[in-house]
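Take a look at the model below. This report walks through its helices, its core, its salt bridges and its surface patches.

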Amino acid sequence: LAEGGTSMFQLYGLMLNMEAVWLPFAFGLLWLWQTGERRSVEGSAEPGVGIACGVVGLAGALAAHQGIILTALLAAVGVVRALRNRRRLAPHEVGVLCATVLGAASFIGWILWAAGSLSDLVRIALVRADGAGSWASWAESQVAHARATIRLFAIAVLLAGPFLARRRPDVKVPLVVTWSLAVIYAVVFRQGAAIHPYWNVALLPPLAIGAALVAERAESISRRVLGATFLLAVLAVASTAVTTVQVGEVSDGTGELARLAGRSPESLYTTDLVASW
């Protein structure tokens with residue numbers, strides 16, 4: 001419910017940008033990775049979980065740049081822990097490591113095949129990394145985007161997650177990794193984060209974890225507190241739905257890609273290829 005009460009989910013979740021396409025793979029990979037963690041602790045690790053992590057991680061890496069960063073962060077955690085404990089990588093850790101290598105190689109190969117070189121990708125990456133303003137204005141834009149796309153209730157459970165995670169050690173790695181992903185992508189490509197409200201879509205996974213932790217904490221206090229929290233989440237969904245409908249009535253996103261193709265010299269060459277097709 002906390003997730004559904006965000007404009008990030010209700011409005012931007014409908015578009016076919018890579019950020020929205022990537023989200024199901026992100027949630028799927030986190031669930032599979034957590035399954036692998038549990039089975040490793042229980043001593044019942046299976047190769048099948050590792051293969052699943054590799055397949056879903058690779059799909060996510062091909063869907064968006066964030067997918068490559070997510071598998072890389074999870075792989076780094078696995079490698080560091082294996083070296084520290086002087087043990088072999090568990091199947092799910094091997095899976096995310098393979099997904100990182102194959103995903104990055106496949107992404108680069110895909111761009112070379114589609115555009116003929118990496119020059120277009122490098123050009124737009126440099127544009128997105130260019131601050132075009134102070135860090136203060138960037139921070140101000142992040143607050144404004146959060147208020148517009150995540151809304152108050154979801155911001156509260158998002159920020160509560162890191163504080164409540166101390167009670168649940170098993171969610172610390174997913175929470176730290178997803179928060180790190182969102183911060184890295186917003187800081188490195190700060191021009192994109194400043195002008196695109198949906199740029200920080202990677203905050204939705206830690207938002208979901210934070211909401212689950214808040215619900216668990218509320219239930220431990222009393223059923224009434226849990227009920228009140230549930231009611232707030234429902235109100236957030238309803239409020240956001242009204243806003244989303246109003247925005248939809250005045251917007252026209254259908255066919256915009258095709259209409260704009262060729263008119264803007266700053267558009268991606270690969271975008272023009274898709275629009276022409």
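Helices (H or I, at least four residues) and strands (E, at least two) are DSSP runs, numbered from the N terminus. By that rule, the protein chain has 14 helices and zero strands. This is a predicted model, where local features need pLDDT of at least 70, side-chain atom pairs count only at pLDDT 80 or more, and totals for chains, interfaces and linings use all residues. Residues are numbered from 1 along each chain as its sequence is written, and side-chain values use heavy atoms, with hydrogens and water left out.

**The core**

Buried means under 20% relative accessible area, exposed means over 50%, and partly exposed lies in between (1.4 Å probe, protein chains only). The protein chain has 277 residues, and 38% of them count as buried.

A nonpolar core is a set of buried Ala, Val, Leu, Ile, Met, Phe, Trp, Tyr and Cys residues joined through side-chain atoms within 4.5 Å. The largest one has 42 residues. Trp 22, Leu 70 and Ile 150 are among those with the most contacts inside it. Helices that each supply at least two residues of this core include α2 (18-42), α4 (65-85) and α12 (223-250). Helix α2 gives the most, with seven residues.

**Salt bridges**

A salt bridge is a side-chain nitrogen of Lys or Arg within 4 Å of a carboxyl oxygen of Asp or Glu. The structure holds eight of them.

| Pair | N to O distance |
|---|---|
| Glu 93 and Arg 81 | 3.4 Å |
| Arg 123 and Asp 120 | 2.9 Å |
| Glu 216 and Arg 168 | 2.5 Å |

Start with Glu 93 and Arg 81, joined by a salt bridge. Glu 93 lies in helix α5 and Arg 81 in helix α4, so the pair ties together parts that are 12 residues apart in sequence. Glu 93 is buried, at 2% relative accessibility. Both residues also belong to a network of salt bridges that links Glu 37, Arg 81, Arg 87 and Glu 93.

Next come Arg 123 and Asp 120, which both lie in helix α6. They are three residues apart, about one turn of the helix. Arg 123 is partly exposed at 30%, whereas Asp 120 is buried at 12%.

The salt bridge between Glu 216 and Arg 168 links distant parts of the chain, 48 residues apart. Glu 216 sits in helix α11, and Arg 168 sits in the loop between α8 and α9. Glu 216 is partly exposed, at 37% relative accessibility. Arg 168 is partly exposed too, at 29%.

**Surface patches**

Patches are made of residues with over 30% relative accessible area and no salt bridge; like charges are joined within 9 Å, and nonpolar side chains (Val, Leu, Ile, Met, Phe, Trp, Tyr) within 5 Å. Accessible areas come from the Shrake-Rupley method with a 1.4 Å probe, and for residues only the protein chains shown count as cover.

Which residues make the nonpolar surface patch of about 410 Å²? They are Ile 108, Leu 112, Leu 118, Val 122 and Leu 126. Helices α5 (91-115) and α6 (119-129) each give two or more residues to the patch. Ile 108 lies in helix α5 and is partly exposed, at 38%.

Lys and Arg count as positive and Asp and Glu as negative; His and the chain ends are not counted. The place of a charge is taken as NZ of Lys, CZ of Arg, CG of Asp or CD of Glu. Arg 166, Arg 167, Lys 172 and Arg 217 form a positive surface patch. Arg 217 lies in helix α11 (residues 204-221) and is partly exposed, at 33%.
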